[in-house]
Amino acid sequence: MDYCLLLPFTLGISLVWPCFMATEISQTEEVKHPVDSHLRVKRGWMWNQFFVPEEMNKTNYHIGQLRSDLDNGNNSFQYKLLGAGAGSIFVIDERTGDIFAVQKLDREERSLYTLRAQVIDSTTGRAVEPESEFVIRVSDINDNEPKFLDEPYEAIVPEMSPEGTLVIQVTANDADDPSSGNNARLLYSLLQGQPYFSIEPTTGIIRTSSKMDRELQDEYWVIIQAKDMLGQPGGLSGTTSVLIKLSDVNDNKPIFKESFYRLTVSEAAPTGTSIGKIMAYDNDIGENAEMDYSIEDDSQTFDIITNNETQEGIVILKKKVDFEHQNDYRIRANVKNRHVDKQLLKYHVEASSTLIKVQVEDEDEPPVFLLPYYLFEVFEGRPHGSFVGTVSATDPDQRNSPIRYSITRSKMFSIDDNGTIITTNALDREISAWYNLSITATEKYNVQQISAVPVYVQVLNINDHAPEFSEYYDTYVCENADPGQGLSF
């Protein structure tokens, strides 16, 4: 092998290495160029160095040569190598001073070895020159592919984000020497994820490159490649995947899928009764899907509230209904989101609406008397079967069932199917001046439907009694009493 350079450690000892290597030389020293293809440098060098490529597979790789200026070639000089790695990693030909690497070197494990050189006269056993120190540096080759640091990557970005929105930054590391050419200089590229995302080649910053709708697709797998040697052919590469999820924004308004609902309510239902449910659908999620229902025209009969768990609209009876008065209602319900950002109002201009028809169901109600109570008068002493008065009740239902009447626990009066009350015994005001009756009305077609009404009967007086003294009087008179003389008691 030809050598380009031979340098001394100290006086008379030189280092020789192949011409593709380099060394560091004091700029203050004088360098002379002898005829024999190596340089001799004056005393004063503090250190010199060899460069060895890492991962060299060649057995006994020749690194360079130590040579004393006093060596005249008579084979009496013996070269020694001391220090970490001497004899195990590095060996020296004691006769010629040639240094060899006997193991493969890895710069990422150790990049520098500090060794000492000695030259001894084998005939005397004494050192020819003072011991000198030099270094062997392991030069880098591109033997490490880029590796991403923080896998797995996951990011969230709002849907409909404008182009260029920052998503996440990925970073790869290359164990090669960053100062050695382009071995550790990386370029990032997108292997999967177009046309929705892009990546900055030198920073690894991922950005959106188009608007995305979460309702169409809510997550994306993006594959990133990092390649050393600035992406040039022959460079090593590593890949990573990034799961990018789209977070929801309120860009959808709730919509009724049914344009018409039919509900029923019994006329017997109390106020506050839930009579049915309606449902609007919102493609958004979470808070963005919360909605409020309302009824147009401020209905006095019905109201609607939102079930916050299911987002259903519950129709409530606000005021009792009467089948005989009105047996169906038509109301219109609206729905809108509860939370809408100002910049998204354009998506919520017109509220969705639906028509609700409420059918009132007829209930078999009990008979209804025309008056809340009745007051009749009858003279005492009237004969059996005398007319007292008439009560009247009707069936409020459509079938208008016939009514039967009865008097509860009374021996003095009776009532017929027409509601006419008559006496069954002679009435004596002096015995009872008032009678409190309870008249019941029962539907003929449904005897379970019964109503009652109070009836008050006043017995009027007639002159059917002569005056009577309150006690018996005994009287006497004298036999000689004069006419007109008063009696004695």
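## Arg429 and Glu430

Arg429, with a relative accessibility of 30%, counts as partly exposed. Its partner in a salt bridge is Glu430, with 3.2 Å from N to O. Glu430 is also partly exposed, at 39% relative accessibility. Keep in mind as you look around that this is a predicted model.

## How many salt bridges are there?

Let's step back for a moment. Side chains of opposite charge can pair when their charged atoms come close. Here, a salt bridge is counted when a side-chain nitrogen of Lys or Arg lies within 4 Å of a carboxyl oxygen of Asp or Glu. Counted this way, the structure has ten salt bridges.

## Glu131 and Arg116

Another pair to find is Glu131 with Arg116, whose closest N and O atoms are 2.5 Å apart.

Now turn to Arg214, which forms a salt bridge with Asp248; their closest N and O atoms are 3.0 Å apart. Arg214 lies in the loop between strand S19 (205-208) and strand S20 (219-227), and Asp248 in the loop between strand S21 (237-247) and strand S22 (255-256), so the bridge ties together parts 34 residues apart in sequence.

Both Arg214 and Asp248 are buried. Together with Glu215, they are linked in a network of salt bridges.

Notes:
Residues numbered from 1 in each chain as written. Predicted model: local features only at pLDDT ≥ 70, side-chain atom pairs only at ≥ 80, totals over all residues. Heavy atoms only, no water. Helix = DSSP H or I, 4+ residues; strand = E, 2+ residues; numbered from the N terminus. Buried < 20%, exposed > 50% of the residue type's maximum accessible area, 1.4 Å probe, protein only.
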